[in-house]
Amino acid sequence: MQVSQAFDMINQLKPHQVETLADLLPLELIEEAYSLTDTVTIRKRKLTLESMAWLLIGMAIYNDKSMAHIVNMLDIVDREGKPFVAPSALTQRRKDLGEAAMKALFECTQAHWNREALHPSWNGLMLLGVDGVVWRTEDTPDNAEAFSRQKDTQYPQVRMVCQMELSSHLITASAFDDYAVNEMILAEKLIDSTPDHSLTLFDRGFYSLGLLHQWQTTGNERHWLIPLKKNVQYEVVRSLGRNDKIVQLKSNPHARKRWPKLPYELEVRLISRKINGKEYSVLTSMIDPMRYPVTDIADLYVHRWEIELGYREQKQYMLGNRLTLRSRLPELVKQELWGILLTYNLVRYQMVKMCHKLKGDYLPYQLSFNGSLAHILRLLVGLPYSTPGAIPRQLKYFYDMAESLILEPRRTRSYPRMVKRRPQKYARNKKCQ
């Protein structure tokens, strides 16, 4: 039984209609997020702090254009008096907004959009993935002081860990810090925001009994699944089948000091499978074989790759391979990252609504992100200048395009992975003695 067949049928409710930019990102959500922080929006300005949220979105999808150009293209400025805003005023307004307000806005919108998305479930659990990614910043003195550099690189870097709902690619939580901070430390910050009745797929680099135990025991039915790491010692408690066992892992004193609630011994489930003659094994907290059959779990881990595809969508498609963030101050770098995650979720949520429009058991990750982004860009530019009578026609066309965005089934990998040689700054002289 394939995992795609085990997904519940996605809900067929019709999407709500969008008439203005405010319907794509409701003003109520912006005001709610700002009220949770110290952001003050009472004073009337030419570019309000509510409009600044749209500036951050524009910076993510129109990253090759100046901020002043984005403001006027999206028509988010008060047109009374002078028609344009000075570039220096935009930077100051970003400082006034700060990082906390954009973080709060991301959290409010992701909660609202994930709730409205009506995600399908796997055996009653929401399927999540956790993985890390690295962003590089402008090489300014402030950024260089706040963020460290990877070896042999010229730019300060930020390490980010995200949690993603794998059927829709909607980001549910994120944490980021200096590049020198370990991914598992950032993953700890996602524990409290993990939803109940969920299953989180980890890469083997996140193997830590303390982290996994804390993940499982915080909340209700928060399960995990992770590949078995080499040289992990375990003791078989009982066998549930040919390739299905309950095993016992022992924690070490250092881990128990780091995680006071971590017990001496932890019982987990070990599932093995052979693919092309090679054996692969995963550990999971789902020890009930009746509720979680081994045949269902065997095909499950391949879906962790969806979060890798999500990072590619952000960096290559949404940002157009512009590898360096544009902000020159550490606080604005973090603000820009929250804006990127917010923008990505905005596009992905529209794809969820387009998927609801389709006839059939399609999931949002089966639609083209690149094609959806192109249609949303056209919508963002066109709606502010459209007459009220033309808006319903534009929206009908927007959602009717969903069928043309269905992707072909993914091909199986033809070549094994390999470690490629690091590119050199200068060409090799092969004729030298």
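**Figure 1. Cysteines and disulfides in the predicted model.** The disulfide count is 0, a disulfide being a pair of cysteine sulfur atoms within 2.5 Å. Cys108 counts as buried because its relative accessibility is 11%, where buried means under 20% relative accessible area, exposed over 50%, and partly exposed in between (1.4 Å probe, protein chains only). Cys162 is likewise buried, with a relative accessible area of 0%. This is a predicted model, in which local features need pLDDT of at least 70 and side-chain atom pairs count only at pLDDT 80 or more, while totals for chains, interfaces and linings use all residues. Residues are numbered from 1 along each chain as its sequence is written, and side-chain values use heavy atoms, with hydrogens and water left out.

**Figure 2. The chain as a whole.** The secondary structure comprises 15 helices and 9 strands; helices (H or I, at least four residues) and strands (E, at least two) are DSSP runs, numbered from the N terminus. Of the 433 residues in the chain, 50% are buried. The accessible surface is about 22,700 Å², and carbon and sulfur atoms contribute 51% of that surface; accessible areas come from the Shrake-Rupley method with a 1.4 Å probe, and for residues only the protein chains shown count as cover.

Figure 3. Helix H3 spans residues 27-35, and its residues Leu29, Ile30, Ala33 and Tyr34 are buried. Seen down the axis of H3, these buried residues fall within an arc of 130 degrees, so they line one face of the helix; the arc is that of the directions from the helix axis to the C-beta atoms. The exposed residues Glu28 and Ser35 lie on the face of H3 turned away from its buried side.

**Figure 4. Packing of H3 against H4.** The axes of H3 and H4 come within 10 Å and cross at roughly 105 degrees. Axes are lines fitted to C-alpha atoms, for helices over the stretch in contact, and angles run from 0 to 180 degrees between N-to-C directions. H3 and H4 are therefore roughly perpendicular to each other, a term for angles of 65 to 115 degrees. Leu27, Ile30 and Tyr34 of H3 meet Leu49, Glu50 and Ala53 of H4, contact meaning heavy atoms within 4.5 Å.

**Figure 5. Packing of H4 against H13.** Helix H4 (residues 49-61) packs against helix H13 (residues 330-357) at an angle of about 80 degrees, with the axes 8 Å apart. H4 and H13 are therefore roughly perpendicular to each other. Residues of H4 in the contact include Trp54, Ile57 and Ile61, and those of H13 include Gly339, Ile340 and Leu346.

How values were computed. Angles under 35 degrees count as roughly parallel, over 145 as roughly antiparallel, 65 to 115 as roughly perpendicular and the rest as oblique.
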